[in-house]
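Take a look at the structure below.

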Amino acid sequence: PAYLPITRYSIYQSSGVTAPSQYLKEATYEELHLSTSTPIEVIPNFVDVDLFRPAASAGSGNFAGEGRVCPRIAGERTITHVSNFRPVKRLEDVVRIFALVNEQVRSRLVLVGDGPERGRTQELVRELGLGERVCFLGKQDAFLHILQQSDLFLLPSATESFGLAALEAMSCGVPVIATDVGGIPEVVADGESGFLSPLGDVESMANNAIMLLRDEQLHAQFAKEARARAVSEFRLQDVVPQYVEYYYRLLG
């Protein structure tokens, strides 16, 4: 709340304002009490689909971080979450979803990132007896290889202005299991490139994950659609020109 006055002032004094999702545009009007006469241009985030792409072949290397090696075992499925470990990311839901999935499909949870919720998350992992199945890799300068070797990406956030982490996963051909909140539905096509569930519905998200992991044909279909959506809707080469055109329009 302390930032509200300066944020509103900055927007009103700007020649142009952009938002990465329709959700954030509408939330900006509502939460900041802005007049809708102030135009906000929606231009989505983008991904380098030539960099974030499916692996050419199945990898066999282990994941590593913070001095720990996370072994990859044949026949085991890899579920990944990448975030800044803030409360809004709902790390507890990530772990509880994984716990239910692992009961049905032998899996490993790879957590990339760090933040205030890490300690509580590690404690929950110990309480559930999942210490050997969950890998905390900490902050990673590059985690492309982790996404490329993942089977599913979890994003059960309380809200997301867009969901860039989900888009990067999709671009690597990884289906997304996420909440139906914020800008996520504008990125993840429910029932096509992933599944969306109500906020906090751990059981629904776990069931969707199990369904995809058990059905190889369905998983392959979702993986293909995830990649296709990233390429057709969010390609860097297509989105950046939208910004350039917008800037030229502002400049007259």
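A salt bridge here is a side-chain nitrogen of Lys or Arg within 4 Å of a carboxyl oxygen of Asp or Glu. This is a predicted model, where local features need pLDDT of at least 70, side-chain atom pairs count only at pLDDT 80 or more, and totals for chains, interfaces and linings use all residues. Residues are numbered from 1 along each chain as its sequence is written, and side-chain values use heavy atoms, with hydrogens and water left out.

Side chains of opposite charge can pair when their charged atoms come close. How many salt bridges does a search of the whole structure find? The search finds 12.

Start with Arg133 and Glu76. They form a salt bridge, and their closest N and O atoms are 2.1 Å apart. The pair links distant parts of the chain, 57 residues apart. Arg133 sits in the loop between helix H4 (118-127) and strand S7 (134-138). Glu76 sits in the loop between strand S4 (68-70) and strand S5 (77-82). Helices (H or I, at least four residues) and strands (E, at least two) are DSSP runs, numbered from the N terminus. Are Arg133 and Glu76 buried or exposed? Both are buried. Buried means under 20% relative accessible area, exposed over 50%, and partly exposed in between (1.4 Å probe, protein chains only). Glu76 and Arg133 also belong to a network of salt bridges that includes Arg106 and Arg108.

Now turn to Glu92 and Arg96. Their side chains meet in a salt bridge at 3.0 Å, N to O. The two are 4 residues apart in helix H3 (residues 91-104), so about one helical turn separates them. Glu92 is partly exposed, at 39% relative accessible area. Arg96 is partly exposed too, at 33%.

Another salt bridge joins Asp238 and Arg235, at 3.1 Å from N to O. Asp238 is partly exposed, with 34% relative accessibility. Arg235 is partly exposed, with a relative accessible area of 28%.

Helix H6 (residues 164-171) packs against helix H8 (residues 216-233) at an angle of about 115°, with axes 7 Å apart. Axes are lines fitted to C-alpha atoms, for helices over the stretch in contact, and angles run from 0 to 180 degrees between N-to-C directions. H6 and H8 are therefore roughly perpendicular (65 to 115 degrees). On the H6 side, the contact (heavy atoms within 4.5 Å) is made by Leu167, Met170 and Ser171. H8 brings Ala226, Arg227, Arg229 and Ala230.

Methods. Angles under 35 degrees count as roughly parallel, over 145 as roughly antiparallel, 65 to 115 as roughly perpendicular and the rest as oblique.
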